[in-house]
There are 2 protein chains.
Amino acid sequence: MPDVRHFDPDVAVAQVVPLLWRRGWSHTGMQDIVSATGLSRSSLYATFGSKSALCLNALRRYLADHADPAFRELETDGRGLPAIAAFFDQLITARCSGPHARWGCLATNLQIAAEGADPDVRTVLDEHHQHLVAALATALRAAEQAGQLHEDVVIGASAEHLALLAQGVNLRSRAGAEPSSLRWAVEAALGALRRPGSHATPGPEMSPG
Amino acid sequence: MPDVRHFDPDVAVAQVVPLLWRRGWSHTGMQDIVSATGLSRSSLYATFGSKSALCLNALRRYLADHADPAFRELETDGRGLPAIAAFFDQLITARCSGPHARWGCLATNLQIAAEGADPDVRTVLDEHHQHLVAALATALRAAEQAGQLHEDVVIGASAEHLALLAQGVNLRSRAGAEPSSLRWAVEAALGALRRPGSHATPGPEMSPG
DNA sequence: CCTAACTTGGAATGGTCGTTCCAAGTTGGA
DNA sequence: TCCAACTTGGAACGACCATTCCAAGTTAGG
């Protein structure tokens, strides 16, 4: 009977995530993956099939670990605008400081780096974007019911708007934008949705960078 | 006395722009540049020095040809919000249709593709972003003086906000987003700035994609 | 212990990358 | 015409790319 695999594929995928995230698709070679995982090319190809398949797994793993929890929190937190503000606040914090500072968002990065390579990657990225829009729409509906929005805010359109804003934050944070500048921009976007009577979100200080 | 150059460097740079724009930095090889320009490697290296130097020239050329005119129009058009709406409208049109449809913005693309490669590229991209923010701020000041904005709009913060939105449009348009969806998002962003009494911008129809 | 079935390390494959090099060609003054 | 100065085409370079291949190792039923 056959020999069994000497390693855990999930661990290997997890080790590939930061590689792909930080250095990008084209700057990550199989040699880097071999070095990072400590596995041999044979094992990697026998298990995953190709570099793109392995990286697709890494993308899914990234989304499950880093994006989905934040999205779920945004969806379930019923506070409305404060929930959205908190979402952006933790987004900016994660993008500009900590172990992944200036790495951007793997999904955003791949959107440009993966030149329509795998249609699978494209599909995953599209679903991810729709997921973000949906989560923002849910939070906006909560804000609407709490009377935090002025009347002519269209939920769907504003959700798309804020999703594009998040993409912009991801992009600019990787390019080195100051967190204060990003927070200032986000506060402007959310402040414009707020109903005149509604009190401002208590949160981190917002000032130009 | 020496032989003189047999070609016009500006023409060569112009021929490189669409290559870099459409296919990206890593997917554009010197062979592609040789083929596109019809020049030999020797001539290219003697004139530009390296692939990155040549591509830096191409980036500057792109900004001068495609970004600066639109920015100037945004700055000089005194109408306020309608000028900003027109800017985004022509941005989305250019990104989703015509000869450069789905190519995104070269500056946005390079922001991720050029992994901090040349610091020169990084500098040019940063200046470009500041240029966009400044142009938006100018247009917002015009809007403010025309009484189009509600009182608690902060010009600088909103300019940063709209610049991030433009980056998001560039990114998502390359990923295949529907123009109607992008227009919808932009209309939400601008609508939230508008003073209740001020009449809506007459413009292209905005509906969800 | 034997062997079929499978994994593993590491060499090897063919290709492409940016860059360099050189012989041949071109230019305009002496 | 001769030559120094420069450009040009195209071959060549070493490094890296994703992928394949194979001999050696490992496993468990017979």
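Which residues in α1(A) meet which residues in α4(A)? In this predicted model, the α1(A) side of the contact consists of A:Val13, A:Ala14, A:Val16, A:Val17, A:Leu20 and A:Trp21. The α4(A) side consists of A:Leu54, A:Cys55, A:Asn57, A:Ala58, A:Arg61 and A:Tyr62. By class, the contact of α1(A) with α4(A) has 10 nonpolar residues, 1 polar residue and 1 charged residue. Helix α1 of chain A covers residues 9-23, and helix α4 of chain A covers residues 51-76. Their axes come within 8 Å and cross at roughly 90°. An angle of 65 to 115 degrees counts as roughly perpendicular, and α1(A) and α4(A) are therefore roughly perpendicular to each other.

The overall make-up of chain A is described next. Chain A contains 9 helices and 0 strands, and its pattern along the sequence reads α-α-α-α-α-α-α-α-α. The C-alpha trace of chain A spans about 70 × 35 × 30 Å along its principal axes. Chain A has 209 residues, of which 44% are buried. Contacts in chain A between residues at least 6 apart in sequence were also examined, and 72% of these join residues at least 24 apart.

The contact between the two protein chains takes 39 residues from chain A and 39 residues from chain B. On the side of chain B that touches chain A, α6 (106-113), α8 (155-174) and α9 (179-193) of chain B each supply at least two residues. The largest share of this side comes from α8(B), with 13 residues. By class, the side of chain B that touches chain A is made up of 18 nonpolar, 14 polar and 7 charged residues.

A:Ala157 gives a view of the contact from chain A. This residue is located in helix α8 of chain A, which runs over residues 155-174. Residues up to four places away in sequence being left out, A:Ala157 touches B:Trp184, B:Ala185, B:Glu187 and B:Ala188. A residue is buried if 20 or more other C-beta atoms lie within 10 Å of its own; A:Ala157 has 24 such atoms and is therefore buried. Between A:Ala157 and A:Leu171 there are 14 residues of separation in sequence, and their C-alpha atoms are 21 Å apart in space.

The largest nonpolar core has 127 residues. The residues with the most contacts inside this core are A:Ile84, A:Leu136, B:Ile84 and B:Leu136. For B:Ile84, with neighbours within four places in sequence left aside, the contacts are B:Leu136, B:Ala139, B:Leu162 and B:Leu190.

Two or more residues of the surface near DNA strand C come from each of α3 of chain A, α2 (30-37) of chain B and α3 of chain B. With 4 residues, α3(A) supplies the largest share of this surface. The surface near DNA strand C divides into 11 nonpolar, 8 polar and 6 charged residues.

The classes in the surface near DNA strand D are 11 nonpolar, 8 polar and 6 charged residues.

Backbone angles were also computed. A:Arg102 is not a glycine, yet its phi is positive, at about 70°. This residue lies in the loop between α5 (81-96) and α6 (106-113) of chain A. A:Arg102 counts as partly exposed because it has 14 C-beta neighbours inside 10 Å, a count that falls between the limits of 12 or fewer for exposed and 20 or more for buried. In chain B, B:Arg102 has a positive phi near 70° and is likewise a residue other than glycine. B:Arg102 is in the loop between α5 (81-96) and α6 of chain B. With 14 C-beta neighbours inside 10 Å, B:Arg102 is also classed as partly exposed.

Key:
Residues are numbered from 1 along each chain as its sequence is written. Chains are lettered from A and ligands numbered from 1 in the order in which they are written. This is a predicted model: local features need pLDDT of at least 70, side-chain atom pairs count only at pLDDT 80 or more; totals for chains, interfaces and linings use all residues. Two residues are in contact if their C-beta atoms, placed from the backbone, lie within 7 Å. Ala, Val, Leu, Ile, Met, Phe, Trp, Tyr, Cys and Pro count as nonpolar, Asp, Glu, Lys and Arg as charged, and the others, Gly among them, as polar. Axes are lines fitted to C-alpha atoms, for helices over the stretch in contact, and angles run from 0 to 180 degrees between N-to-C directions. Angles under 35 degrees count as roughly parallel, over 145 as roughly antiparallel, 65 to 115 as roughly perpendicular and the rest as oblique. A nonpolar core is a set of buried Ala, Val, Leu, Ile, Met, Phe, Trp, Tyr and Cys residues joined through C-beta atoms within 7 Å.
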